[in-house]
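Open the model in your viewer and keep the sequence beside it. Each stop below tells you what to select and what is there.

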Amino acid sequence: MTDRGRATKLASACRVVVCCAAASSPGAALAQDAAPAPAPQAPAALLDVPASAPQSAPQSAPQALAPLSLSLEEALRRALERNLDLAIDAANLEARRARAGGAWGAFDPTYSLRAALLDREQEAPSSLTGADVLEENTQTFQGSLGLPLQTGGRFDVSFNTENQETNSQFSLAEVATTDVVRVAYTQPLLRGAWRGYATSEQRLAELEFAQAREHRAVLRADIALSVRRAYWDLVAAREQVAVAELALRLAGEQVQQNQRRLDVGVGTEVDVLQARTTLAQREEQLLSARTAVANAEDALRALVLGRAQGEAWQQSLAAWNAPLDPTTPLYDPAAQPTPPVDEVLASALGQRAELAEQRLLIEAAEVRLSRAVSELRPALDAALSATSVGFDGDPGEAFDKSIGFDFPALEASLTLSGPLRNRTARGNERAGRAELRAALLGYDKAELAILTEVRNAVRELAHQAEAVAAAEKSVELARRQLEAEQARYAQGLSTTFQLLDFQQQLAAALGSRTNALAGYARAQAQLARARGA
């Protein structure tokens with residue numbers, strides 16, 4: 001039998017016992033003719049009669065909005081689609097993705113173009129100038145193309161052309177063109193050499209993006225846990241309203257019974273006052289329970305409704321005004337055995353995004369350390385270049401000579417450089433090793449935290465399952481106590497105070513059972529979070 005069925009059967013039995021006790025008391029025939037005062041209706045969750053859901057807030061519109069039926073799966077889907085924290089994180093993740101892709105722009109080819117015109121007259125400082133007033137008109141064009149490589153090297157190709165007109169008598173031609181073509185390649189051999197160093201910044205950007213992606217998985221898991229907790233809080237709050245309504249109904253029936261006994265002369269005014277006092281107290285408890293439902297609804301709305309980009313405020317407000325109707329029932333612990341710790345731990349170590357994020361932090365620390373170790377070395381750069389110069393009065397001939405390498409100049413060089421003490425690099429290397437050690441310790445700490453979380457989650461689930469079983473026993477015993485006390489009261493062997501106390505014990509037992517079932521559902525949610533599901 002389900003929890004809801006058990007509660008319905010229990011409430012019906014209590015109502016029958018109260019009515020039977022009233023009918024068996026002296027003057028019952030007269031009491032049946034009396035017009036009873038209207039009693040509050042018990043909810044459908046505990047009584048076998050229809051009942052409306054409690055209203056979370058007064059509606060300003062003349063017609064109340066239809067309740068929003070929401071299963072746990074639907075609540076999770078809505079939260080993961082519309083939660084504002086996830087929407088903000090998605091935008092930040094997209095920014096990191098763009099930066100990671102843009103970092104590879106460091107290896108894009110580069111170009112440079114320059115055109116210049118120089119018209120100059122200069123008084124001759126000596127007879128070697130070739131004219132009393134040296135006149136020159138020079139047109140210059142320079143172009144270069146560079147290609148950075150992922151080995152740390154660089155290709156450079158450049159072409160310079162200069163067309164000069166001069167009146168110097170020492171010039172070979174009045175108008176001459178000089179073209180220069182140069183091809184060069186430079187490759188670091190020690191500091192900053194090869195792919196590991198050259199692409200380290202890009203790798204760090206990619207790791208940062210991967211960390212943000214794992215952090216998003218952690219955020220999704222946390223939000224899913226919050227949604228599950230808020231959902232079960234709402235279910236439990238609504239069940240507590242049902243318990244409070246049952247307690248109110250029992251108190252109302254007791255008021256009617258005591259009033260009938262007073263009317264036929266077998267009761268006292270004190271009995272009626274005691275019952276009415278209890279009725280007023282339970283009305284207050286019902287109001288508090290309904291307020292708790294409204295608060296729980298808002299907590300769940302904040303997680304699952306969200307607000308779409310560009311959505312009108314009035315549209316969002318309308319969604320918040322609609323009452324929520326959770327349709328997923330509380331779990332039955334008997335149908336779901338507690339899993340062993342080792343099984344849950346193995347799943348957590350393989351699936352938890354926190355560990356994946358820590359592994360990425362370790363990898364990033366290793367990249368930074370490798371970069372720092374490279375910077376400890378002196379710079380040793382190998383360079384190869386080939387240059388060709390073409391000179392002629394005919395621009396076409398000058399270009400052909402240069403591009404054909406008719407007069408080449410080849411050069412190979414090694415350049416060694418670096419600071420004498422290199423304290424900055426040494427400090428960075430020591431810092432890199434410390435950061436790597438901290439990242440490794442952080443991973444160990446995360447593993448221990450997950451181990452503790454898993455053990456606590458499994459233990460709490462087992463505890464809550466036992467708490468539900470104990471609460472079921474308490475409800476059964478409280479019911480039997482109330483039935484016995486009602487029989488004693490019918491025979492005049494008990495007092496109104498004692499009977500009302502047993503009614504309160506039954507209501508408290510029902511409330512404890514609801515809390516235990518809700519606690520078990522929350523423990524299931526925490527176990528799923530610990531597992532990394």
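**Stop 1: Asn422**

Select Asn422. With a relative accessible area of 14%, Asn422 is buried, because buried means under 20%. Now look at where Asn422 lies: the loop between S8 and helix H12 (423-490). Check the backbone too. The phi of Asn422 is near 55°, a positive value in a residue other than glycine. Most residues other than glycine have a negative phi.

Remember that you are looking at a predicted model.

**Stop 2: Phe405**

Phe405 is not a glycine, yet its phi is positive, at about 50°. Is Phe405 buried, exposed or partly exposed? The relative accessible area of Phe405 is 28%, so Phe405 is partly exposed.

**Stop 3: the whole chain**

Zoom out. The chain has 533 residues, and buried residues make up 39% of them. Colour by secondary structure: there are 13 helices and 8 strands. Now think about contacts between residues at least 6 apart in sequence. Of these, 80% join residues at least 24 apart.

Next, colour by pLDDT. The chain averages 84, and 86% of the residues score at least 70. Then select residues 6-62, where the pLDDT is below 50. Beyond near neighbours in sequence, this stretch has 91 contacts in the model.

**Stop 4: the sheet**

Which strands make up the open sheet, and in what order? Select its 6 strands and read across: S2-S3-S4-S5-S7-S8, with antiparallel pairing. The edges are strand S2 (110-123) and strand S8 (408-417), and each pairs on one side only. On average, neighbouring strands of this sheet are turned by 15° against each other, direction ignored.

Side chains alternate between the two faces of the sheet in a regular strand.

**Stop 5**

Select S2. Of its 14 residues, the count of buried ones is 0, so S2 is hardly covered. S2 and S3 pair in the antiparallel sense, over 14 bridges.

**Stop 6**

How many bridges join S7 to S8? There are 10, and the two strands run antiparallel. Select Ser385 and look across to S8: the bridge partner is Glu411.

Now show helix H11 (residues 395-403). H11 lies across strand S4 (154-166), strand S5 (175-188) and S7. H11 runs at about 150° to S7.

**Stop 7: aromatic rings**

Show the aromatic side chains. The structure holds 5 aromatic pairs. One of these is formed by Trp104 and Phe107. Their rings are tilted, with 35° between the planes and 6.0 Å from centre to centre. Trp104 counts as partly exposed, at 24% relative accessibility. Phe107 is at 15%, so it counts as buried.

Select Trp232 and Tyr331 next. This pair is edge-to-face: 5.0 Å centre to centre, with 65° between the planes. What does the pair link? It links distant parts of the chain, 99 residues apart. Trp232 is in helix H6 (residues 200-263), while Tyr331 is in the loop between strand S6 (324-326) and helix H9 (341-351). Trp232 is buried, with a relative accessible area of 0%. Tyr331 is partly exposed, at 22%.

**Stop 8: a charge over a ring**

Select Arg371 and Tyr197. The charged end of Arg371 sits over the ring of Tyr197, 4.4 Å from its centre.

**Stop 9: back to H6**

Finish at Gln240, which lies in helix H6. Which residues does Gln240 contact, leaving aside neighbours within four places in sequence? Select Ala289, Gly511, Thr514 and Asn515: Gln240 is in contact with each of them. Take Thr514. Along the chain, Gln240 and Thr514 are 274 residues apart, but their C-alpha atoms are separated by 7.0 Å.

Methods:
Residues numbered from 1 in each chain as written. Heavy atoms only, no water. Pairing = 2+ DSSP bridges. Helix = DSSP H or I, 4+ residues; strand = E, 2+ residues; numbered from the N terminus. Axes fitted to C-alpha atoms, helices over the stretch in contact; angles between N-to-C directions. Contact = heavy atoms within 4.5 Å. Phe/Tyr/Trp six-rings, centres within 6.5 Å; stacked < 30°, edge-to-face > 60°. Buried < 20%, exposed > 50% of the residue type's maximum accessible area, 1.4 Å probe, protein only. Lys NZ or Arg CZ within 6 Å of the ring centre and 35° of its normal. pLDDT = per-residue confidence, 0-100.
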